[in-house]
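Here is a short tour for a first look at this protein. Keep the view open and follow the residues as they come up.

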Amino acid sequence: MKNFQNLKNERETVANIRDSKAKEVEILNKYLWDIDKKIQGIKDNEIFFSKIQEALEIGWASNDDEKNHWLKLLTEARNGNEGSLILLRAEFKYNESFKKETGAFKND
């Protein structure tokens, strides 16, 4: 009977370890998912930034001042300025001319 009780105790210990590891795995999986989401966001932003830069290089802006304005915002957004990214998205995401000329946002 002692052997039986020892096995039950050992099984309970292993089950507890498994359960605690499962929680750790769940936390790590969520963390990995968050990182993957951030990586995808960076990739998506870089595609967006490239489209803006290409459009500006081929003369999309009406003059040099406007081009410099957008290039400044573009540089700031690439450097992590959330406000500049929001301004760029607000301007370019709904600009039909930009969308038509660059093919950007065709899936939105």
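## Overall layout

Among the contacts in the protein with a separation of 6 or more, 52% join residues 24 or more positions apart. The model shown is a predicted one.

The protein has four helices and zero strands. Read from the N terminus, its elements run α-α-α-α. Of the 108 residues in the protein, 20% are buried. The accessible surface of the protein comes to about 8,500 Å². Carbon and sulfur atoms account for 55% of that surface.

## The nonpolar core

Start inside. The largest nonpolar core holds 14 residues. Phe48, Phe49, Ile52, Trp70, Leu88 and Phe92 have the most contacts inside it. Three helices each supply at least two residues of this core: helix 1 (2–57), helix 2 (64–78) and helix 3 (82–92). Helix 1 gives the largest share, five residues.

Which residues is leucine 88 in contact with, leaving aside its neighbours within four places in sequence? They are Phe48, Phe49, Ile52, Trp70, Leu73, Leu74, Ala77 and Lys93.

## Helix 3 and its two sides

Now turn to helix 3. Its buried residues are Ser84, Leu85, Leu88 and Phe92. Seen down the helix axis, the buried residues of helix 3 fall within an arc of 100 degrees, so they line one face of the helix. Glu82 and Ile86 are exposed, on the other side of helix 3.

Not counting residues up to four places away in sequence, serine 84 touches Leu73, Glu76 and Ala77. What caps the N-terminal end of helix 3? Asparagine 81 does, with a side-chain oxygen 2.9 Å from the backbone nitrogen of glycine 83.

## Salt bridges

Side chains of opposite charge can pair when their charged atoms come close. The count here comes to five salt bridges. Three of them are described below.

Glutamate 46 and arginine 78 meet through their side chains in a salt bridge, at 2.8 Å from N to O. Glutamate 46 lies in helix 1 and arginine 78 in helix 2, so this pair ties together parts that are 32 residues apart in sequence. Are these two side chains buried, exposed or partly exposed? Glutamate 46 is partly exposed, with a relative accessible area of 35%. Arginine 78 is also partly exposed, at 34% relative accessibility.

## Salt bridges within one helix

In helix 1, glutamate 24 and lysine 21 are three residues apart, and about one helical turn separates them. Their side chains form a salt bridge, 3.7 Å from N to O. Glutamate 24 is partly exposed, at 41% relative accessibility. Lysine 21 has a relative accessible area of 45% and is partly exposed too.

Lysine 72 counts as exposed, at 55% relative accessibility. Glutamate 76 is partly exposed, at 25%.

## An exposed isoleucine

Is isoleucine 42 buried or exposed? Its relative accessibility is 59%, so it counts as exposed. The cut-off for that label is over 50%.

Isoleucine 42 and glycine 80 are 38 residues apart in sequence. In space, their C-alpha atoms are 9.9 Å apart.

Methods
Residues are numbered from 1 along each chain as its sequence is written. This is a predicted model: local features need pLDDT of at least 70, side-chain atom pairs count only at pLDDT 80 or more; totals for chains, interfaces and linings use all residues. Side-chain values use heavy atoms; hydrogens and water are left out. A nonpolar core is a set of buried Ala, Val, Leu, Ile, Met, Phe, Trp, Tyr and Cys residues joined through side-chain atoms within 4.5 Å. Buried means under 20% relative accessible area, exposed over 50%, partly exposed in between (1.4 Å probe, protein chains only). Contact means heavy atoms within 4.5 Å. The arc is that of the directions from the helix axis to the C-beta atoms. A polar contact is a pair of N or O atoms within 3.5 Å; within protein, one must be able to donate a hydrogen and the other to accept it, and residues adjacent in sequence count only if both atoms are side-chain atoms. Accessible areas come from the Shrake-Rupley method with a 1.4 Å probe; for residues, only the protein chains shown count as cover. A salt bridge is a side-chain nitrogen of Lys or Arg within 4 Å of a carboxyl oxygen of Asp or Glu.
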